[in-house]
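Dear colleague,

Please find below the sequence and the structure that I am handing over to you, followed by an account of what was found. Kindly note that the model is predicted.

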Amino acid sequence: MATKLTQLLLCFWITLPFCITEKVKERSARQRDAEFTDRHQSCMQGVPGVQGRDGNPGMNGIPGTPGIPGRDGLKGEKGECVTERLEDPWKPNFKQCAWNSLNYGIDLGKIAECTFTKQRSDSALRVLFSGSLRLKCKTACCQRWYFTFNGAECTGPLPIESIIYLDQGSPELNSTINIHRTSTVEGLCDGIQAGLVDVGIWVGTCADYPRGDASTGWNSVSRVIIEELPK
């Protein structure tokens, strides 16, 4: 019995190194196989391919939410007053006064008057007198027919007038030389304020000349036409 136990122990000690060596060999072989597999399974990077074409445009996205309102801007400069520009479009404003057979024989003074309502202060007045005028005298003489506005002659820019001058008169005022001609006195006047305007037609003398025997509106219609015009 002791002999068999001795044999078994002897056999164990003889085979133990061999078994350990085999285990080490087996582990080394598996390790080499794993390293070989890792080495040959990793591929080398190839040459980059040609860039592909652009894709089709995508669909519109969902609209975003409204942004936060911005801050108030800086205060602007004071604007120019444009009250006149915002008024209604220009409307015609005119008037006519007419008289039949004035037969007014005065040599100095107002012949007739026509009252007009002017709408704006920045407009001009166009005035016209049309009627028969005559002048007689024994020697050279001159008479002047002119307009007034509220009693004063026009100053914007100058008076509105018309004259008749005779170089040689008649020895007798009641001679047959007695010519009546339809004549006009016409012009534009600026600087007249809005409101009622008394437009008068007057007769007077010329500077440095004697007056004669004047006549206005004989045997015919005389008229004054007044029109307001934009400047």
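The account begins with an open sheet of 4 strands, which follow the order β2-β7-β4-β5 with antiparallel pairing. The edges are taken by β2 (109–118) and β5 (161–166); each has a single partner strand, so one side of each is left without a neighbour in the sheet. From one strand to the next, the twist averages 10°. The antiparallel pairing of β2 with β7 (residues 195–205) runs over 9 bridges. Within β7, V197 is the bridge partner of F116.

In soluble globular proteins, nonpolar side chains tend to be buried together. If residues up to four places away in sequence are not counted, F147 touches V127, L128, F129, E153, C154, I160, V185, V199, G200, I201 and V224.

T216 is located in strand β8 (residues 213–216). Its relative accessibility is 0%, and T216 therefore counts as buried. The side chain of T216 is joined to that of W145 by a polar contact of 2.9 Å. Apart from residues up to four places away in sequence, T216 touches L102, N103, Y104, I111, F129, S132, L133 and W145.

Lastly, I come to the aromatic rings, among which the count is 2 aromatic pairs. Y146 and W202 form a stacked pair, at 6.4 Å centre to centre and with 20° between the planes. This pair links distant parts of the chain, since Y146 lies in strand β4 and W202 in strand β7, 56 residues apart. Y146 has a relative accessible area of 13% and is therefore buried, whereas W202, at 24% relative accessibility, counts as partly exposed.

The rings of Y165 and Y209 have centres 5.4 Å apart and planes at 70°, so this pair is edge-to-face. Here too distant parts of the chain are linked: Y165 belongs to strand β5 and Y209 to the loop between β7 and β8, 44 residues apart. Y165 is partly exposed, its relative accessible area being 38%. Y209 likewise counts as partly exposed, at 42% relative accessibility.

With kind regards

Definitions and conventions. Residues numbered from 1 in each chain as written. Predicted model: local features only at pLDDT ≥ 70, side-chain atom pairs only at ≥ 80, totals over all residues. Heavy atoms only, no water. Pairing = 2+ DSSP bridges. Helix = DSSP H or I, 4+ residues; strand = E, 2+ residues; numbered from the N terminus. Axes fitted to C-alpha atoms, helices over the stretch in contact; angles between N-to-C directions. Contact = heavy atoms within 4.5 Å. Buried < 20%, exposed > 50% of the residue type's maximum accessible area, 1.4 Å probe, protein only. Polar contact = N/O pair within 3.5 Å; in protein donor to acceptor, adjacent residues only side chain to side chain. Phe/Tyr/Trp six-rings, centres within 6.5 Å; stacked < 30°, edge-to-face > 60°.
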